[in-house]
Amino acid sequence: MELKLYSSIGSNSSERVEWVLNYKAIPYQRIEVNNEELVSSYLHINPFGYVPCLGVEGHMISESMAIIECIEELFPQQSLLGHSVFERAAVREICEYVNSSIHSPQNRTVLRAFNPDLSEQAKRELRGQWISGCLAKLKQKLCKDSPFAIGKGFTIADIFVATIYKKALQHGSSGNDFYDAHLVWLRQNDRIQAAEPSMDKQNL
């Protein structure tokens, strides 16, 4: 089965998908999409005009959560969704909060649409503040049973949390002891660390 992942350097959503594919050791072709292509030729692949997008078996799937759910169904070994009904619900709850409540409002296209007069520096500061404020609320839901975000093993909740925290740091937010500890914990596992898209690649 041939997988093609359309991605962009610095894309938080793309990093999530790459981390999943790498962790599951699923071969895929990564295709870099630049800013010019996002508003031109790439629209024939994904009319939404953003990454990631996964091509598999003639199907083009966008939205990181939909892509990851598809990967889980196609490659169910070593599931990253949790091991019980309620654990899977908790994992999806965290991912949905990160995806919808944290990531979407601070997206640069959203900020540009609602406040086009903001300078790039002001946007960067606003994005960092928004993410940090939301992460303060999210912390109350995390790491109840172990240093992993949900339950006692590595799940996509860990990936969503770690990547959005790194995005906050990228925008100049101060470090947070809780999220620093979570990231350190993940990187102590050789397999998880090896699967994480590199810091240089993600421009962090």
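In helix H8 (residues 177–187), the buried residues are Tyr-179, His-182, Leu-183 and Leu-186. These residues lie on the same side of H8, because they cover an arc of only 95 degrees around the axis. The model described here is predicted. The protein is divided into domain 1 (3–74) and domain 2 (85–195), and a search of the whole structure finds 9 salt bridges.

**Surroundings of helix H8**

- The buried residues of H8 pack against H1, helix H6 (120–138), H7 and helix H9 (190–195).
- The N-terminal end of H8 is capped by Asn-176, which has a side-chain oxygen 2.9 Å from the backbone nitrogen of Phe-178.

**Salt bridges**

- Side chains of opposite charge can pair when their charged atoms come close.
- Lys-166 and Glu-15 form a salt bridge through their side chains, at 2.4 Å from N to O. This pair links distant parts of the chain, with Lys-166 in helix H7 (residues 156–170) and Glu-15 in helix H1 (residues 12–23), 151 residues apart.
- Both Lys-166 and Glu-15 are buried.
- A salt bridge also joins the side chains of Glu-196 and Arg-187, at 2.8 Å from N to O. Glu-196 counts as buried because its relative accessibility is 9%, whereas Arg-187, with a relative accessible area of 26%, is partly exposed.
- Through salt bridges that share partners, Glu-15, Lys-166, Arg-187 and Glu-196 are joined into one network.
- The side chains of Arg-30 and Glu-32 meet in another salt bridge, at 2.9 Å from N to O. Arg-30 counts as partly exposed at 25% relative accessibility, and Glu-32 counts as partly exposed at 34%.

**Interface of domain 1 and domain 2**

- The centres of domain 1 and domain 2, taken over C-alpha atoms, are separated by 19 Å.
- Contact between the domains involves 15 residues of domain 1 and 18 residues of domain 2.
- Between them, the two domains bury about 1,600 Å², with 59% of this area on carbon and sulfur atoms. On the side of domain 1, Arg-16, Trp-19 and Tyr-23 lose the most area to domain 2, together 49% of what that side buries.
- Across this interface there are 2 salt bridges and 8 residue pairs in polar contact.
- The elements giving two or more residues to the side of domain 1 that touches domain 2 are H1 and helix H3 (64–74). H1 gives the most to that side, with 9 residues.
- Arg-92 and Glu-69 form a salt bridge in which the closest N and O atoms are 2.9 Å apart.

Notes
Residues numbered from 1 in each chain as written. Predicted model: local features only at pLDDT ≥ 70, side-chain atom pairs only at ≥ 80, totals over all residues. Heavy atoms only, no water. Salt bridge = Lys/Arg side-chain N within 4 Å of Asp/Glu carboxyl O. Helix = DSSP H or I, 4+ residues; strand = E, 2+ residues; numbered from the N terminus. Buried < 20%, exposed > 50% of the residue type's maximum accessible area, 1.4 Å probe, protein only. Arc of directions from axis to C-beta. Contact = heavy atoms within 4.5 Å. Polar contact = N/O pair within 3.5 Å; in protein donor to acceptor, adjacent residues only side chain to side chain. Domains from an automatic or database assignment. Buried area = accessible area lost by both parts, 1.4 Å probe.
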